[in-house]
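Let's take a walk through this one together. Have a look at the model first, and then we'll go from the overall layout down to single residues.

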Amino acid sequence: MSKIRSKKNDLLNYFICNHKDLSAQYIKDCETFLINLGNKKKKFKGGHNRSNLFITALKKSNRL
């Protein structure tokens, strides 16, 4: 099966499609965006909550 075409700055396919069907660059860009978003959130709120679990898992998996 061919790769699914994804628009830049559109996270929908990241969440609803199988990652095997997405391009590696698209996945990397989405994860980078989510990590940066998490880092910005920590600057304003501090502390950990449930929303940071996804960001923490990405950092630990060293996918970037």
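## Layout

Helices (H or I, at least four residues) and strands (E, at least two) are DSSP runs, numbered from the N terminus. By that count, the chain has three helices and zero strands, and the order from the N terminus is α-α-α.

This is a predicted model, so local features need pLDDT of at least 70 and side-chain atom pairs count only at pLDDT 80 or more, while totals for chains, interfaces and linings use all residues. Residues are numbered from 1 along each chain as its sequence is written, and side-chain values use heavy atoms, with hydrogens and water left out.

## How confident is the model?

The score here is pLDDT, the predictor's confidence in each residue, from 0 to 100. Across the chain the average pLDDT is 75, and 62% of the residues score at least 70. Helix H1 (residues 12–16) has the highest confidence, at 90, whereas helix H3 (residues 52–61) has the lowest, at a mean of 68. A word of caution: where pLDDT is low, the predicted coordinates should not be read in detail.

## Surface and core

Accessible areas come from the Shrake-Rupley method with a 1.4 Å probe, and for residues only the protein chains shown count as cover. The accessible surface of the chain is about 5300 Å², with 56% of that belonging to carbon and sulfur atoms. A residue is buried under 20% relative accessible area, exposed over 50%, and partly exposed in between (1.4 Å probe, protein chains only). Of the chain's 64 residues, 22% count as buried.

What sits in the largest nonpolar core? A nonpolar core is a set of buried Ala, Val, Leu, Ile, Met, Phe, Trp, Tyr and Cys residues joined through side-chain atoms within 4.5 Å. The largest one has nine residues: Tyr14, Cys17, Leu22, Tyr26, Ile27, Cys30, Leu34, Ile35 and Leu58. H2 gives the most to this core, with five residues.

## Around tyrosine 14

Tyrosine 14, one of the core residues, counts as buried because its relative accessibility is 5%. Phenylalanine 15 is at 54%, so it counts as exposed. Rings of Phe, Tyr and Trp (its six-membered ring) pair if their centres lie within 6.5 Å; planes under 30 degrees apart count as stacked, over 60 as edge-to-face and the rest as tilted. The whole structure has one aromatic pair. That pair is tyrosine 14 with phenylalanine 15, edge-to-face, at 5.2 Å centre to centre and 90° between the planes.

Tyrosine 14 also has a polar partner: its side chain and that of glutamate 31 are joined by a polar contact of 3.1 Å. (That means a pair of N or O atoms within 3.5 Å; within protein, one must be able to donate a hydrogen and the other to accept it, and residues adjacent in sequence count only if both atoms are side-chain atoms.) Glutamate 31 lies in helix H2 (residues 24–45) and, at 1% relative accessibility, counts as buried.

Contact means heavy atoms within 4.5 Å. Asparagine 13, in helix H1, is buried with a relative accessible area of 15%. Leaving out residues up to four places away in sequence, asparagine 13 touches Ile4, Arg5, Ser6, Leu22 and Tyr26.

Cysteine 17 is in the loop between H1 and H2.
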